[in-house]
Amino acid sequence: MKVWIRDKEGLEAVYWIKRKRTVILGWFTAPKLVAESVGLTMDVPYHIHFTYPLDGDYHFSLKFKDPHTGIEVYQNVYCDRITRKKITAAGPSKSVSRRVGNYGGLAVLMPEHRPRRLDDYLDETAFFSFATSALPIRDGIHIRKSKIRNTDDPGEDDLVIDVTPLRTGTVNISAHLVGKGVFLAWPPEKYSWSRCDDSKFPNVLLRAIFWPDTTAQSS
């Protein structure tokens, strides 16, 4: 499933999450946050995604290439460790460090506990929330663009959020894994959206809500 933002300038995918046989993968747009937290400039291309495998060893993965040195960096942040691989002209190098006390980089996005196994959601009232993405809206335009290439159109299972009638505020997008017997309350706000893949457990739930900037609208 994808979340799309439709604004006055067009249509753009800003969040996706998909289920495979033994893993759940996802991506969300937070280019400024990620670039600042790992010490990159915004002009350095990078790829980031999260992975929730069957055994619960949830982690974020980051890949980028230094435009000055040509060094490729692959970094994975887990609940208890950080792995890093560099590929240079001399060959690859790998390192593993404990995460204890390390809150830099992608560690700000990762919980410090290991989530349960995916098959635990079959029989338990389990619930898990992924990192939330906050998208600023100004006069019907999404003012921070993502890094997803839109090579297709929204599918029937995707969530399309039309922000063209909105003024100034923030759209908060979140994704959750929901186990058997879990029911989530959802505020009856005018500008709220949700989509759920309930084909199997854990259910994959996408939610979004628009919070207006009352200060901006009253001025």
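**Close-ups of salt bridges**

**View 1. D57 and R114 meet in a salt bridge.** At 11% relative accessibility, D57 counts as buried (buried means under 20% relative accessible area, exposed over 50%, and partly exposed in between, with a 1.4 Å probe and protein chains only). D57 sits in the loop between β4 (46-53) and β5 (59-65), and R114 in the loop between β8 (91-98) and β9 (127-129), so the pair ties together parts that are 57 residues apart in sequence.

This is a predicted model, where local features need pLDDT of at least 70 and side-chain atom pairs count only at pLDDT 80 or more, while totals for chains, interfaces and linings use all residues. Residues are numbered from 1 along each chain as its sequence is written, and side-chain values use heavy atoms, leaving out hydrogens and water.

**View 2. D197 pairs with R19 in a salt bridge.** Here the closest N and O atoms are 3.3 Å apart. The two residues are 178 apart, with D197 in strand β14 (residues 192-197) and R19 in strand β2 (residues 10-19); strands (E, at least two residues) are DSSP runs, numbered from the N terminus. D197 is partly exposed at 22%, and R19 is partly exposed at 23%.

**View 3. R117 and D119 form a salt bridge.** The N-to-O distance is 3.1 Å. R117 is partly exposed at 34%, and D119 is partly exposed at 31%.

How values were computed: Salt bridge = Lys/Arg side-chain N within 4 Å of Asp/Glu carboxyl O. Helix = DSSP H or I, 4+ residues; strand = E, 2+ residues; numbered from the N terminus.
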